[in-house]
Amino acid sequence: MARFTFKLPDIGEGIAEAEIVAWHVRVGDRVEEDQNIADMMTDKATVEMESPVAGTIVELAGEVGDQIPIGSALVVIETEDAAEGEVVAAPATADQVEVAQQYEAENPGVDAAQAAGMTTPARSNDDTASPVRAEPVEARIASAPAAATRPSTGLGRTEDKAPPAAHASATHTLASPAVRARAADLGIDLSHIRPAEGDRVRHADLDAYLRYNSGQGYSAGPSRARDDEQVRVIGMRRRIAENMAAAKRAIPHFTYVDEIDVTALEAMRADLNANRGGRPKLTLLPFLIVAMCRTLPDFPMLNARYDDEAGVVTRSGRVHLGMATQTDAGLTVPVIRDAQDRNVWQLAAEITRLAEAARAQKLTPQEMGGGTITVTSLGPLGGIATTPVINRPEVAIVGPNKIVERPIFQGDEIVRAKLMNLSISCDHRVVDGWDAASYVQALRKYLETPVLLFAD
């Protein structure tokens, strides 16, 4: 037997650390080579970590939400091959010996090296952990695996108790922490629940399961207040929180809203969809993106990225358009590359592809970075107006709102029209209000006369 230390590899250019967003194994689990053991999130993407060897997990490098430096140990695996992956012991430093001796003096009866994460408990056949104390402190530290002596990575966590059976069998079922906690309290195995939509179990699915199985003692009952719950802000939600805080802290936003008559555009969209054949169904978004690409060359200050530390604004010659997409993990922004070279059908196909990849958390780093301007839409939820937050370091974000039917005057006549408010938020350090208002008026020309979108 030997211990193989799997160190977190470099999973992205310039990435110094990654966050643990999911463990797929526990201490004591048997893993095979290439088996997924953890999901790690960087600033750009979530990456699956696969085991390079087969064996038994003996140590994990922290809890979900912990940040792990690149190059530090992620897991320790006990392998059957004594030659492969054997970890060579590192000699103890004088500081390590001094710390361990001081700890032993202050805590008699407690193994200092083990408590400091420099050794692991020896196990008897009945899995009862017992400290190793037969050797002097210096010898025990020197004989500990090198990876286990590294500071502040959380490695050395072990588990002596298996979780409840219901929780263990639901490890790979997709569900939010709140749903998992509720199912665990009720003693329900989440793997027995078939989601009504997608592959993620939600509270509604759990309620339906309770109603169907009420004869087994489960009772959904009337709605009742529940205890407060604390949910760690980790993974995608933490990235969103950090990015939004940085954007509002650093960028002086201003928002301009104007009303657009999209009656003709909606009629054209309906005609195109009725004759689309095997092509994707068109929403308003591809038309808006074409209009943006047609007008941005005249407003280069909007299709730009601002490096405020260097004091440089880069005006992009291409439109790499960010598309804010809601997922179960939170809002993410995949990027449509070279949107200026795509027609409405190509844009519709790319929008669908990127949205599906985002919801499945399968976006690549290249599909998540380098945007020059962003569009955000609440879709059918609509809203009268939005004040979207800029996707830093971009300088502008456009937000279409709900389409409503209202009577309007056309000369002396009152007619029925489909109207939509269009919002734009800009970085006032590099974009003036006049520029933003003028840009929306340019968009209005294309959206109210949609035949121009197809003219050369």
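The model is a predicted one, where local features need pLDDT of at least 70, side-chain atom pairs count only at pLDDT 80 or more, and totals for chains, interfaces and linings use all residues. Residues are numbered from 1 along each chain as its sequence is written, and side-chain values use heavy atoms, with hydrogens and water left out.

Of the 456 residues in the chain, 41% are buried, meaning under 20% relative accessible area, with exposed over 50% and partly exposed in between (1.4 Å probe, protein chains only). The chain holds eleven helices and 22 strands; these are DSSP runs numbered from the N terminus, with helices (H or I) of at least four residues and strands (E) of at least two. Take the contacts between residues at least 6 apart in sequence: 64% of them join residues at least 24 apart, a contact being heavy atoms within 4.5 Å.

On to the rings. Pairing takes centres within 6.5 Å for rings of Phe, Tyr and Trp (its six-membered ring), with planes under 30 degrees apart called stacked, over 60 edge-to-face and the rest tilted. That rule gives one aromatic pair: Phe299 and Tyr439, edge-to-face, at 5.3 Å centre to centre and 70° between the planes. The two sit 140 residues apart, Phe299 in the loop between helix H9 (284–295) and strand E14 (304–307), Tyr439 in helix H11 (residues 433–448). Phe299 is buried at 13% relative accessibility, and Tyr439 is buried at 0%.
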